Amino acid sequence: MFELLGITPQSLVAQLLIGLINGSFYALLSLGLAVIFGLLNVINFTHGAQYMLGAMLTWIGLNELGNWLGIEDGFQISYFVMLLIAPLLVGAFSIVLEKTMLKRLYHLDHLYGLLLTFGCALVIEGLFRHWYGVLGESYPVPEMLEGGLRVSGLYLPYYRLWVVALALIVCFGTWYFIERTKLGSMLRAGTENPKLLQAFGVNVPLMITLTYGAGCALAAFAGVLAAPIYQVTAVMGSNLIIVVFAVVVIGGMGSIAGSIVTGLALGVIEGLTKVFYPEASSVSIFVIMILVLLFKPAGLFGKVR
Amino acid sequence: MQTKPMPFGLDKTTIVILALLALVPLQSFVYDLFMMKVFCFAIFAMSLNLLLGYTGLLSFGHAAFFGSAAYVTSHVVKEWGLTPELGLLVGVSVSAGLGYVFGSLAIRRQGIYFAMITLALAQVIYFLATQLPFTNGEDGIQGVPRGALFGVIDLTDSTPMYYFSLAVFALAFLLIRRIVNSPFGQVLKSIRENEPRAISLGFDVDRYKLVAFVLSAGFAGLAGGLKAYVLQLASLSDVHWHTSGEVVLMTILGGIGTLWGPVAGAAIVVNLNNYLANLGGWSTITMGVIFVVCVLAFRRGIVGEIAHRLKIKL
């Protein structure tokens with residue numbers, strides 16, 4: 001049947017895998033956005049920049065840090081170490097951001113949070129554009145994950161399988177943490193009614209700060225995963241964040257599981273569009289957003305607000 | 001303290017400023033071209049202010065209207081040989097039509113989602129601009145002829161073009177002020193202040209929002225069309241999200257919900273861009289820093305702050 005359309009099963013599976021990878025990034029990023037929005041009522045426009053920071057730090061750790069420290073014989077921080085360090089660094093940086101700036105805006109209209117984080121995103125992106133230009137740097141796939149799996153004419157690179165698996169594990173972990181643990185229940189209570197929660201003796205401001213840090217760390221984690229797949233550039237985040245916003249509009253930010261499922265599904269749909277109608281692949285998610293707005297304005301998993 | 005209203009709703013401040021602007025071609029400190037660019041972006045920022053300042057809706061995709069009108073105006077003038085005023089008319093109609101489509105979709109959600117939807121929809125226009133044949137991709141439409149106004153007044157020289165831009169700007173300013181001060185504008189403000197109450201008073205809020213959105217998109221298109229004549233160019237940067245962010249910055253810097261704020265903001269940002277254009281990342285960084293400072297410490301904006309201190313309306 002596929003041959004009739006001039007599409008081989010190989011290319012279909014290959015695009016499905018690419019779709020799943022994009023979907024994993026959408027899921028990780030929209031998950032972070034949803035968690036942050038739930039507690040802070042801020043749409044974090046800096047999310048794209050924090051994703052870029054994750055990838056950038058990984059690249060710097062491999063290629064630049066040795067020179068900076070003046071260590072001659074190729075001092076490098078490997079990919080796997082960065083998978084841990086980069087999110088921590090970005091998380092810490094984001095906590096500073098929240099403590100010094102974002103915190104002052106909670107009593108105002110939500111729009112100001114969006115505008116502030118937009119400004120911060122511009123500054124971060126501009127700095128890295130100034131230092132490294134807009135041309136992409138490529139990051140090698142770590143040795144352990146080189147090569148791929150050959151199954152009946154199909155080639156599945158190990159690294160891509162690793163990305164999908166890891167992203168799924170982290171997404172599931174976050175879901176489990178929020179929906180099934182004691183700390184997560186406090187987080188949900190904070191989303192529902194922060195004042196009442198504080199009256200019960202929970203340190204809500206601290207929780208808000210940590211949540212922002214964790215949400216941004218998720219973005220940086222996605223950035224590290226993305227470094228060997230996409231070109232590492234200063235502008236890699238800003239292009240992605242607009243698509244992720246569309247994903248968030250489609251899914252609605254009411255449900256954690258909802259954002260994960262929506263992210264993955266939209267990545268796959270985008271991948272399939274690339275097989276059947278390549279011209280439309282870059283706008284497919286936006287078209288779905290328009291359809292959702294027409295037929296289910298509150299979003300697939302959203303509550304009416 | 002009721003004073004006798006002047007014709008066309010003119011007041012002293014407006015007359016003085018417009019008269020001063022009319023003198024610009026007679027001296028050589030301020031360049032005509034620079035001022036014309038300011039007029040374009042001032043109209044653009046005023047269009048956004050109509051939504052953000054007076055209706056409380058943040059559109060993060062206004063570049064879509066600005067850019068599409070720039071492209072359409074350039075195309076019809078260059079390829080079909082239309083006169084400038086007709087070109088503008090076509091550009092404005094297209095952007096207002098686009099505004100109707102965007103508006104009907106975006107008003108289905110409130111608050112923060114509204115901004116995200118407009119941003120995402122504008123990205124579709126950006127992709128279209130990179131794909132459609134008539135936009136010439138990366139090159140854009142270059143060498144847009146300024147032509148002759150009504151087929152009579154040649155706009156090729158900078159002085160007649162300056163007065164044409166000034167006239168368009170003055171017209172847009174007075175129109176927007178008329179809209180803001182009309183009963184319709186009062187309803188928009190009531191939506192901004194308290195939407196549920198506006199609904200309970202019996203206003204069809206969604207329809208008011210949609211009309212405001214279409215008007216705003218139309219003015220943004222006017223700005224884009226005029227810009228196509230001034231710089232004789234329509235390019236991808238006109239539809240890029242960066243431009244959407246820039247116009248939000250102009251409005252906030254000048255003062256949300258003030259009439260002159262967007263004009264002042266446009267003048268400052270266009271000036272800054274002139275200095276920083278060749279410095280790569282620095283223009284982005286500066287823009288970002290101004291954003292942060294405005295949002296954190298300076299939410300009234302320049303004109304808003306002056307008006308607040310002097311206790312007057314600007």
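**Exercise 1.** What percentage of the 305 residues of chain A count as buried? Work out, too, how the radius of gyration of chain A fits a compact globule.

*Solution.* Keep in mind that this is a predicted model.
- Step 1: In chain A, 48% of the 305 residues count as buried.
- Step 2: A compact globule with 305 residues would have a radius of gyration near 19 Å, and chain A has 20 Å, so the two agree.
- Step 3: Along the principal axes, the C-alpha atoms of chain A fill a box of roughly 60 × 60 × 35 Å.
- Step 4: Now look at contacts in chain A between residues at least 6 apart in sequence: 77% of them join residues at least 24 apart.

**Exercise 2.** How many helices and strands does chain A have? Find their order as well.

*Solution.* 
- Step 1: Chain A comes to 12 helices and 2 strands.
- Step 2: Along the sequence, the pattern reads α-α-α-α-α-β-β-α-α-α-α-α-α-α.

**Exercise 3.** Which element gives the most to the side of chain A that touches chain B?

*Solution.* 
- Step 1: The contact takes 32 residues from chain A and 32 residues from chain B.
- Step 2: On the side of chain A, the elements giving two or more residues are helices H5 (110-132), H10 (236-251) and H12 (284-295).
- Step 3: H5(A) gives the most, with 16 residues.
- Step 4: Sorted by class, this side of chain A has 23 nonpolar, 5 polar and 4 charged residues.

**Exercise 4.** At roughly what angle do the axes of H2 and H9 of chain B cross? Decide how the two helices are oriented.

*Solution.* 
- Step 1: The axes of H2 (residues 32-52) and H9 (residues 205-231) of chain B come within 8 Å and cross at roughly 170°.
- Step 2: Angles over 145 degrees count as roughly antiparallel, which makes H2(B) roughly antiparallel to H9(B).
- Step 3: Residues of H2(B) that take part include Phe41(B), Ile43(B) and Leu50(B), while those of H9(B) include Phe219(B), Leu222(B) and Leu226(B).
- Step 4: The residues of this contact divide into 18 nonpolar, 2 polar and 2 charged.

Terms used
Residues are numbered from 1 along each chain as its sequence is written. Chains are lettered from A and ligands numbered from 1 in the order in which they are written. This is a predicted model: local features need pLDDT of at least 70, side-chain atom pairs count only at pLDDT 80 or more; totals for chains, interfaces and linings use all residues. Axes are lines fitted to C-alpha atoms, for helices over the stretch in contact, and angles run from 0 to 180 degrees between N-to-C directions. Helices (H or I, at least four residues) and strands (E, at least two) are DSSP runs, numbered from the N terminus. Angles under 35 degrees count as roughly parallel, over 145 as roughly antiparallel, 65 to 115 as roughly perpendicular and the rest as oblique. Two residues are in contact if their C-beta atoms, placed from the backbone, lie within 7 Å. Ala, Val, Leu, Ile, Met, Phe, Trp, Tyr, Cys and Pro count as nonpolar, Asp, Glu, Lys and Arg as charged, and the others, Gly among them, as polar. The radius of gyration is taken over C-alpha atoms; the globule rule is 2.2 Å times the number of residues to the power 0.38. A residue is buried if 20 or more other C-beta atoms lie within 10 Å of its own, exposed if 12 or fewer, and partly exposed in between; C-beta atoms are placed from the backbone.
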